[in-house]
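Open the structure in your viewer and keep the selection tool at hand. The stops below are meant to be taken in order.

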Amino acid sequence: MEYIDPQVLRPEHHRKIYITEDNFPNPLFFSTFGRKKLFARLHFFASTGAVPPTNNPQNDPQYAPVFQIAEYDGNYDYSTGAYFLDNWDVGTLVLGTQEPTTRFDGYSPPTDISIKLVEFSAEDLPAYISIRIKAQSTNTILPYGVIVLE
Amino acid sequence: MADVDESAFKPGAQASEWLLNPRLVLSTLQAGNDIINWFDANYPYTSVPPSGGVGQETPNGQSNSTYGTLQGGSPGNVSRMASFSTGSSIDGQFWPIYDYVDNSILLFFSIKTPNVNTKAIYCYKTTDTEIRTPLTSSQFLGGVIFALPFYNPNASSHRFSIISPDPLVTTPRVAGQQSAVFFYAYGVFDGSTPDHGRWIEASVISDIHTNPVNWNGKITLFAAINGGGVDVAGQYNPDKLGSIFVVPQGNTTSACYACLYNATTDRDIRSGSNALVINAMQIRIAYFHPAANVLAFGSDPISFASGVGTIGHCRPQFTTYPDGVPKIIYNDFAFDQSLKTVWST
């Protein structure tokens, strides 16, 4: 038994808050728990279909992702559809790149899945944030990774 | 179970001075027999006769229209629940809930199962809210079912915690119903290390009164539903889930449910080995934020002062008993793998 200040148990007490899910919904909607800095490392693959990198990635950007980081400025009630966060705020866009055609060792990347990775950070966060990943391809995108709030 | 005389408590007091009328709630043999009988009734053996008793070696793929289809490549087995000699699988964590709709007590508890082909969470219901006599077969409701779309529908993990009613009232109160919040950790880390869970999920249920063991269709929020939250990016694998409490709104958008749990201090990455690693355990906190329906994890463990014989802590419970002051009760975990409940006042 140890007496404990209940404030210690609040999320504000931690140096960092981690949000990870295996896998995230897309878009991902989350509270920032009052934090002001965010670091995200996200990777994803298409849920269906092999997407091998082509030899002409500049002409075939079907899996060059766009990350939309948006603030939801409205009713925060999950049941009203805040989760989907469609078009109220275009927010900030982060552009990813097409998968390279070769690795550094000269071999081709795996062709059965198409993994993309992006890292970005943001500051001066609102109360709630949405991150949406879009690509030219219409295949469902399954994002994994971690959101670190500081 | 016992009664607490708060006025008799003082630091250093013997437990017998303030912890009154201790009584048995449930014997492990009783629970074992009830679980095996329930399994035999709902998942009867079909192709191969059971070896040495009912409820053993449940065939893979056994189906029940109410409780779902069992799965997993290996036979399930709850047989060791039946005797002291083979060792009880009761995990020692019981979650009694007061059902205010009909003035009864629901006792949820979980057992360790050998694989995903067995159910882990069960429930008794008694109208004797003082539990003056141990629970019996007639009060056994059976195994809990809720659908996990990603992993398995069996609720086969014993890493489970529940409170009721939902203190943040994200599901409106309805006459004749009682809401609840539960956390559930499951999965096998690295595919071969069953000692610690892989994922955590959290959920709000609209009603556990009408049918306490069937939660399908009543789940109103389910965070990390696509596969499961991984604590601190998967560094600390949950071992036991402790109690749930509510974190009220502060100056931030922080109103959420918090669940204490314990996890290894180091990432458990024994690929190919299932031998238990004696590792220090830390108390950590998972947060279920219902407005955003998201599961989050605090980076920092809670540290307790402890002696040299202790390498970790587990089974954390938040409570204000017996003196009204917030505290955490936990077990010390020692080098010889023994547990000692830390209750030294």
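This is a predicted model: local features need pLDDT of at least 70, side-chain atom pairs count only at pLDDT 80 or more; totals for chains, interfaces and linings use all residues.

**Stop 1: strand 8 of chain A**

Select residues 128-134 of chain A, which form strand 8. This strand is mostly covered, with 6 of its 7 residues buried.

Which residue of strand 8 is the bridge partner of A:Phe30? Zoom in on A:Ile129, for that is the partner. A:Ile129 is also the bridge partner of A:Glu71.

**Stop 2: where the chains touch**

Show both chains. The contact takes 33 residues from chain A and 42 residues from chain B. On the chain B side, strands 14 (256-264), 15 (281-289), 16 (294-298) and 18 (327-334) each supply at least two residues. Strand 16 of chain B gives the largest share of that side, 5 residues. Colour the side of chain B that touches chain A by class, and there are 24 nonpolar, 16 polar and 2 charged residues.

Then select strand 1 of chain A, residues 2-3, together with strand 18 of chain B: these two run antiparallel and are joined by 2 bridges. In this pairing, A:Glu2 has B:Ile328 as its bridge partner.

**Stop 3: loops of chain A**

Go to the loop between strand 2 (17-20) and strand 3 of chain A, where A:Asn23 is found. The peptide bond from A:Asp22 to A:Asn23 is cis, with omega near 20°.

Move on to the loop between strand 3 and strand 4 (37-46) of chain A and select A:Phe33. Its phi is positive, near 50°, although the residue is not glycine. Is A:Phe33 buried or exposed? A:Phe33 counts as buried because 25 other C-beta atoms lie within 10 Å, and the cut-off is 20 or more.

**Stop 4: a loop of chain B**

Select the loop between strand 9 (159-163) and strand 10 (180-186) of chain B, which holds B:Pro165. A cis peptide bond joins B:Ser164 to B:Pro165, with omega about -5°.

B:Val169 lies in the loop between strand 9 and strand 10 of chain B. B:Val169 is not a glycine, yet its phi is positive, about 50°. B:Val169 has 11 C-beta neighbours inside 10 Å, so it counts as exposed.

Technical notes:
Residues are numbered from 1 along each chain as its sequence is written. Chains are lettered from A and ligands numbered from 1 in the order in which they are written. A residue is buried if 20 or more other C-beta atoms lie within 10 Å of its own, exposed if 12 or fewer, and partly exposed in between; C-beta atoms are placed from the backbone. Helices (H or I, at least four residues) and strands (E, at least two) are DSSP runs, numbered from the N terminus. Two strands pair if DSSP finds at least two bridges between them. Two residues are in contact if their C-beta atoms, placed from the backbone, lie within 7 Å. Ala, Val, Leu, Ile, Met, Phe, Trp, Tyr, Cys and Pro count as nonpolar, Asp, Glu, Lys and Arg as charged, and the others, Gly among them, as polar.
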